[in-house]
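Please examine the structure shown below before reading the briefing.

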Amino acid sequence: MNKISAIITALATGAALTGCTFGASIDTLMTPPKLGPEQEQIYSELTRSLGTSNISLKYPKSGKYLSAFIIEDIDGDGGNEALVFYERNNHASDENPLRINILDKKDDGQWSSVYDKAAEGSEIEKVIISKLGSNDRINIIIGTSMINRSEKNVTIYNYVDGVLQDPPTFSRPCSYIDVRDLDMDGELEFLTITGSSGSEAPAKVVIYTLGSDGQYFPMINELSGGFTDFEVNYGDLGSGRTGIFVDSYSAPNAIQSDVFYLDDNKENNSKMLVKVSETSVKNDDNARPAGCTSFDIDGDGQPEIPVQFLAPGYTDSPLGEQLRLTEWKQINSDNKLETRYISYYSISDGYIFLFPERWKGKVTVKRDIVNDEIVFYSYTTDKEKNVIPGRELLHICCVEDEASREDRLSWDYMLMHTKGDSACLAQISETEDTDGDGLSLTMGEAAVGFRYRD
């Protein structure tokens with residue numbers, strides 16, 4: 001039994017795929033990281049130049065740079081500068097405490113503070129240092145927020161001749177920022193997502209290119225509705241198109257999905273931001289609880305959009321007792337949504353089980369309250385389309401402690417996934433295929449069909 005479990009665990013681990021996240025945050029750490037030797041030198045010079053050590057370092061909450069000390073060549077001179085975010089602990093009541101200090105390394109190898117200014121907002125959300133479009137200048141892109149993190153802004157600075165140019169080249173309220181090559185032309189674009197501010201200003205996606213003349217050219221398209229939170233993923237749509245998958249929701253059961261991409265505007269020899277209208281999947285017809293967001297479930301480079309539907313057998317059940325199955329839809333070459341997979345998706349436990357092709361329209365699920373697990377079973381329907389239960393095919397459960405895991409393993413459950421002390425296990429039913437329905441699973445099929453979203 002132990003040997004078989006080890007094989008199944010290896011197969012399941014290889015098949016499992018992780019979803020995308022916004023990135024780690026310094027807020028998740030118990031204490032700020034210990035400074036390295038160079039950071040210690042920069043910190044000492046910073047406090048010397050300020051005439052006080054009564055300061056607090058501020059850390060970006062997401063993105064590539066998660067340190068209060070960002071060491072990069074921000075002016076293109078071939079040498080690195082240090083960008084430091086901090087706030088004075090004894091600041092005046094009418095003063096914004098968040099500040100930016102820039103230090104440069106002198107010829108003798110010592111750091112020297114050369115510039116200091118107030119920053120926007122109260123918290124550093126994300127920092128990106130990058131060229132954009134066909135322009136050679138290096139852009140310092142700083143996303144900030146107010147102390148409650150509900151009001152967010154992005155500012156783009158250029159560091160020239162020892163100062164951050166004022167006014168900045170760009171400053172806008174927005175909820176999300178990123179820099180990527182979205183049209184596969186070898187140049188980077190600047191992506192923002194902005195929330196709605198009334199009926200006349202809907203939530204929108206805006207992609208900016210930066211021309212050689214220093215001007216930003218926006219490409220704009222609207223989200224299907226407003227949002228209180230969202231997730232962004234990217235995927236290959238084919239034909240050199242990068243899809244921007246935006247899953248946004250305004251309530252726990254009100255998720256919508258929009259997909260955008262850049263395309264050629266042949267009328268004026270430019271680019272335009274296109275929304276794949278067929279992918280505007282809202283909650284009007286499908287209940288999509290929080291967590292039911294786009295996910296590259298098969299590792300082909302394009303996220304699938306999950307759409308839930310009532311599992312067979314629950315038409316007359318009370319809402320609280322209903323179970324749902326999930327269709328995973330992908331955008332095809334004609335920009336249409338097509339169903340690639342059907343699954344059971346346990347959002348609370350994080351696992352997905354993809355149905356084998358032969359299960360479609362023949363298998364549904366139920367909850368075994370006594371054993372705290374999900375049971376997959378065959379069914380047929382009568383003339384009134386009522387579901388007639390058949391035989392059990394598979395059991396999946398998740399346990400939170402090692403003792404429960406070992407107990408299940410002793411009953412021929414297979415270990416599918418572990419995370420700390422918690423584990424997901426599966427058991428293939430031993431009922432015989434007396435009807436010749438061909439729905440029985442092999443251990444390999446159970447492993448390949450299992451996915452886990454961290």
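The points below are grouped by topic.

This is a predicted model, in which local features need pLDDT of at least 70 and side-chain atom pairs count only at pLDDT 80 or more, while totals for chains, interfaces and linings use all residues. Residues are numbered from 1 along each chain as its sequence is written, and side-chain values use heavy atoms, with hydrogens and water left out.

**The second largest pocket**

- The second largest pocket has a volume of about 530 Å³; among its 22 lining residues, Q322, L323, Y344, Y345 and R367 are the closest to its centre.
- A pocket is found on a 1 Å grid over the protein atoms alone, as an open set of points where a 1.4 Å probe fits, with protein on both sides within 12 Å along at least five of seven lines; lining residues have an atom within 4 Å of a point.
- Grid points are joined across faces, edges and corners, and the volume is the space filled by probe spheres set on the points.
- At least two lining residues come from each of β22 (337–346), β25 (373–381) and β26 (387–399).
- Strands (E, at least two residues) and helices (H or I, at least four) are DSSP runs, numbered from the N terminus.
- The lining comprises 12 nonpolar, five polar and five charged residues.
- Here Ala, Val, Leu, Ile, Met, Phe, Trp, Tyr, Cys and Pro count as nonpolar, Asp, Glu, Lys and Arg as charged, and the others, Gly among them, as polar.

**Aromatic rings**

- Rings of Phe, Tyr and Trp (its six-membered ring) pair if their centres lie within 6.5 Å; planes under 30 degrees apart count as stacked, over 60 as edge-to-face and the rest as tilted.
- The count by this rule is 17 aromatic pairs.
- F353 and W359 have ring centres 5.9 Å apart and planes at 50 degrees, so this pair is tilted.
- F355 and W359 form an edge-to-face pair, with 5.3 Å from centre to centre and 80 degrees between the planes.
- Relative accessible area is 1% for F353, 0% for W359 and 7% for F355; each of these residues is buried, a term that means under 20% relative accessible area, with exposed over 50% and partly exposed in between (1.4 Å probe, protein chains only).
- One aromatic cluster is formed by Y344, Y351, F353, F355, W359, F376 and F450.
- Two charged side chains lie over ring faces: K126 over Y176, at 5.6 Å from the ring centre, and R172 over F170, at 4.5 Å.
- A charge sits over a ring if NZ of Lys or CZ of Arg is within 6 Å of the ring centre and within 35 degrees of the ring normal.

**Strands around β22**

- Two strands pair if DSSP finds at least two bridges between them.
- Strand β21 (residues 324–331) pairs with β22 in the antiparallel sense over six bridges, and T326 stands opposite S343.
- Five residues lie between the strands of the β21 and β22 hairpin, where N335 has a positive phi near 60 degrees.
- β22 also runs antiparallel to strand β23 (residues 351–354), joined to it by four bridges, with S343 opposite L354.
- The hairpin of β22 and β23 has four residues between the strands, and G350 in the turn has a positive phi of about 90 degrees.

**Strands around β8**

- Strand β8 (residues 152–157) has five of its six residues buried, so it is largely enclosed by the rest of the structure.
- Six bridges link β8 to the antiparallel strand β7 (residues 139–145), and I142 stands opposite T155.
- R149 takes a positive phi near 65 degrees in the hairpin of β7 and β8, which has six residues between the strands.
- Four bridges link β8 to the antiparallel strand β11 (residues 170–173), where F170 stands opposite I156.

**Backbone features in loops**

- Most residues other than glycine have a negative phi, and most peptide bonds are trans.
- D166 and P167 are joined by a cis peptide bond, with omega about 5 degrees; P167 is in the loop between β10 (163–164) and β11.
- D161 has a positive phi near 55 degrees and counts as exposed at 77% relative accessibility.
- D412 has a positive phi near 70 degrees and counts as partly exposed at 43% relative accessibility.
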